[in-house]
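Okay, thanks everyone, I'll keep this short. Have a look at the screen and I'll talk you through it.

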Amino acid sequence: MPAGGILRHGASEAQKAEIIPAIVEGRTKLSSAHAEPQSRYDLFDVETQAKKDGEG
């Protein structure tokens with residue numbers, strides 16, 4: 001998913017309000033990267049898990 005899609009689907013409204021104007025003004029650039037150490041870019045061999053920690 002392109003970085004904009006990650007922002008669209010994963011960022012809070014407060015994060016979007018801060019990040020989007022910075023992108024438009026050219027102060028911020030987004031990119032995304034993902035790799036699994038054991039599989040590199042094979043999306044059928046993903047082991048990473050997200051777990052809620054604290055307030056995040």
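Let me start with a question: is Ile6 buried, partly exposed or exposed? Keep in mind that this is a predicted model. Ile6 has a relative accessible area of 42%, and the cut-offs are under 20% for buried and over 50% for exposed, so Ile6 comes out as partly exposed.

Where is that residue? Ile6 sits in helix H1, which runs over residues 3–10. Some of the other H1 residues are buried, namely Ala3, Gly5 and Leu7. And what covers the buried residues of H1? Helix H2, residues 13–24, is part of that cover. One more thing on Ile6: Leu30 is 24 residues away from Ile6 in sequence, and their C-alpha atoms are 9.8 Å apart in space.

What does the Lys16 side chain reach? It gets to the backbone oxygen of Arg8, at 3.1 Å. If you skip the neighbours within four places in sequence, Lys16 touches Leu7, Arg8, Ala11 and Pro21. Leu7, you'll remember, is one of the buried residues of H1.

Now Val24, also in H2. This one has a relative accessible area of 69%, and with exposed meaning over 50%, Val24 is therefore exposed. Between Val24 and Gly10 there are 19 Å, C-alpha to C-alpha, for a separation of 14 residues along the chain.

Let's zoom out to the chain as a whole. You've got 2 helices and 0 strands. How does the radius of gyration look? The chain has 14 Å, whereas a compact globule of 56 residues would be near 10 Å. The C-alpha trace spans about 40 × 30 × 15 Å along its principal axes.

Terms used: Residues are numbered from 1 along each chain as its sequence is written. This is a predicted model: local features need pLDDT of at least 70, side-chain atom pairs count only at pLDDT 80 or more; totals for chains, interfaces and linings use all residues. Side-chain values use heavy atoms; hydrogens and water are left out. Helices (H or I, at least four residues) and strands (E, at least two) are DSSP runs, numbered from the N terminus. Buried means under 20% relative accessible area, exposed over 50%, partly exposed in between (1.4 Å probe, protein chains only). Contact means heavy atoms within 4.5 Å. The radius of gyration is taken over C-alpha atoms; the globule rule is 2.2 Å times the number of residues to the power 0.38. A polar contact is a pair of N or O atoms within 3.5 Å; within protein, one must be able to donate a hydrogen and the other to accept it, and residues adjacent in sequence count only if both atoms are side-chain atoms.
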